[in-house]
Amino acid sequence: MTDTQVEMVTLTVDGREVTVPTGTGLVEAALAAGIEIPVFCYEPRLGPPVGACRMCLCEVSPGPPKPQAACTLSAAEGMDVKTAQTSELAKEAQNATLEFILVNHPLDCPVCDKGGECPLQDLTCRYGPGSTRMSFEKRTLEKPIPISPTIALDRERCILCYRCTRFSESVAEDGQLVALNRGSHSVIATFEDEPYLAPFSGNVIELCPVGALTSTQYRFEARPWEIQNVPSVCGQCAVGCNTSVTTREGKVKRVLSRNHPEIDEGWLCDKGRFSYSHLYAEDRIQDPLRKVAPRRFEAMAWTDALDLAESLLRAAGASIVTAFSGTETVEQAYGLGRLLRSGLGAHGAVLPEPVPDALDAFRAPLSSIRDAKTIVVLCDEPVVERAPIVDLWIKSARRNGAQILSEIPAEGAAGAVLISDDAERCAWFARDLEATAAFYLPRTPNGRGVSDAWSCAADGEPVDEAPKLLLISGDDAAADPAVRALAAQAETVIGIGLFEESFRGLCDLVLPGTSYLERDGTTVNLEGRLQRQRRAVIAPCPDELAWIAKLAERFDVALSPHSSLVFDEVSAKLYGGVTYAQLNEQAPLPPRATAVADVSAPAPVQIPAGDGLRLVRYRPLFSGPAVERTPELAFQRPGDELQVSPPDARRLGLKTGEQAAVSSNGTSRELTVRVARDLPAGVVRAPYAAAEGLHELVTVAKSAEVTA
């Protein structure tokens with residue numbers, strides 16, 4: 001038998017013979033035979049099965065003369081499996097299991113958020129008793145228990161399948177959900193009753209097979225027969241998780257995961273899951289705004305706004321710089337490029353960080369991280385803050401025995417998977433290490449797509465001079481200190497975005513933008529995978545492409561207002577002519593480049609001279625305009641936190657939760673210490689807001705030592 005051959009076994013399930021690879025679980029083997037074995041606790045993504053719910057009881061021979069939990073067994077040669085469809089023993093066992101589960105389970109399906117989407121409902125109807133033999137009162141418990149501002153727990157409904165605690169322990173590894181007590185008194189709780197403060201906590205809502213864990217945002221908002229689900233892609237980071245957006249009466253009501261096994265494996269971070277309420281923020285821009293005072297706007301008609309935009313653009317001519325946020329679709333970036341580069345000859349742009357073409361030779365699905373033997377993580381910023389799902393893949397690899405390194409080993413690491421938050425370092429070391437795969441973690445959701453679309457819109461180079469007009473695309477770009485400094489030099493500033501506060505005191509004219517949940521278009525994730533975002537709800541303003549096309553027409557530039565036609569134009573130049581219709585709900589990964597492009601050696605990291613620790617500033621995952629307008633996520637925003645490496649913490653006598661004084665050049669700030677295992681000695685980390693006023697070289701000491 002060669003390495004590529006797989007040993008197979010043949011077994012019988014309800015009289016159907018099926019051949020499957022050795023090690024296949026009985027649940028999967030039955031599915032291969034076209035037979036369903038019902039389950040509650042079983043979920044392959046959570047690790048080894050635990051056989052907690054007993055719903056999968058089957059008659060198995062050879063074996064003990066009693067029902068066996070199929071989820072805990074693997075297919076074996078000659079095994080004969082009988083499910084409840086053909087075995088009275090298994091049928092009686094499943095019926096009894098459901099009867100036992102329902103003894104204290106409340107019959108509140110009409111008001112339960114899981115009603116209509118509930119596995120317990122479905123399996124009770126198919127396998128359970130038609131009536132109850134119990135005449136006593138059901139047990140009642142306090143409800144709902146807010147285990148966090150985003151999640152409510154109804155313990156009466158819990159069937160103790162332990163999916164939620166297993167996710168917390170074995171996938172997210174946050175250890176914050178636990179089972180307390182024993183036997184019939186067992187309950188799910190957070191560790192020491194603290195709020196479930198973790199970046200992936202919302203996944204337990206989807207994992208729960210009953211209505212025990214529900215979303216506080218979605219609670220009592222909709223019923224399954226009133227909603228529509230739109231397949232789309234998250235626009236909050238560069239991972240590009242696949243999502244299903246639930247809408248009711250033209251409003252987004254929730255965001256669920258839509259398993260793409262190569263990208264996200266069905267997990268979502270809480271930012272992607274809960275921050276949709278930014279669509280309905282009080283300062284959402286619905287009409288064009290014109291500055292009438294330093295920090296005051298007034299609304300204006302669209303015709304007048306386009307007239308004003310045209311006159312401002314014509315007055316600036318080619319002296320225009322466009323600052324992108326990296327949240328735009330490929331089509332939006334291309335449309336602005338056609339308008340400004342072709343119509344006005346304005347080639348200046350502040351683009352998201354470039355992705356070297358050399359990385360295309362190391363392209364691989366994110367799922368390849370899980371199967372790697374060695375992973376080199378060259379990141380100053382926490383991986384979870386830039387690309388949260390990548391952090392889950394790394395944890396999965398560690399559980400599988402992978403070696404996780406934070407620096408290049410002296411003996412090299414040929415065949416390793418490389419992950420970096422520095423594009424040049426990622427490309428250089430990928431080639432130098434002969435990596436099997438390399439992943440650069442951009443700061444922006446669609447940085448590569450935006451840069452490529454802008455570049456292919458027209459030929460020409462920017463003029464190196466202060467712009468007369470600055471066009472700011474997106475609220476994130478408006479918050480960038482470098483962009484705001486450029487705005488101070490420009491004579492006129494035009495903004496495109498969602499929220500009035502982002503542009504107040506900055507822009508002369510603001511044109512309404514749309515969210516990724518309100519538009520059709522394409523994005524390119526950190527793998528280089530082209531994916532399609534689908535409009536879930538109608539925006540309170542025209543789509544950007546519509547008014548960009550109208551404005552382009554005034555400059556004799558032909559541009560379609562439809563994203564599908566714009567994409568076809570871009571695809572002919574960038575993506576080999578793939579059509580909009582060919583972008584399926586689960587996008588494939590483009591093939592690797594056949595040769596490694598030239599790449600320059602990265603500049604060495606400049607460590608300031610002198611005593612002290614190097615301070616790395618980072619943008620937290622739970623920050624930005626969308627999170628700021630989602631009240632339920634306020635508890636997830638980091639405070640004044642300083643991350644310290646274990647060696648430095650021991651040397652300085654610091655512990656997690658203690659206060660430390662961080663000083664540089666006469667500035668001192670009091671920050672709360674958190675010991676971070678992934679930090680190398682000599683480096684500390686803090687969010688941008690917490691590190692305001694501090695320079696790159698800092699001294700750290702206990703607050704008591706400083707005040708003394």
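Trainee: Which strands make up the closed barrel, and what is the pairing?

Mentor: Six strands form the closed barrel in the order 27-31-28-30-29-32, and the pairing is mixed; strands here are DSSP runs (E, at least two residues) and helices are H or I runs of at least four, numbered from the N terminus, while two strands pair if DSSP finds at least two bridges between them. This is a predicted model, where local features need pLDDT of at least 70 and side-chain atom pairs count only at 80 or more, whereas totals for chains, interfaces and linings use all residues. Residues are numbered from 1 along each chain as its sequence is written, and side-chain values use heavy atoms, with hydrogens and water left out.

Trainee: How many bridges join strand 28 to strand 30?

Mentor: Four, between residues 641-644 and residues 667-675, with the two strands running parallel, and Glu 641 stands opposite Thr 672.

Trainee: Switching topic, are the residues of strand 20 buried or exposed?

Mentor: Val 417 and Ile 419 on one side and Leu 418 and Ser 420 on the other are all buried, where buried means under 20% relative accessible area, exposed over 50% and partly exposed in between, with a 1.4 Å probe and protein chains only. Strand 20 pairs in the parallel sense with strand 18 over four bridges, and four bridges also join strand 20 to strand 21.

Trainee: And why does Gln 531 count as buried?

Mentor: Because its relative accessibility is 2%, Gln 531 counts as buried, and this residue lies in strand 26.
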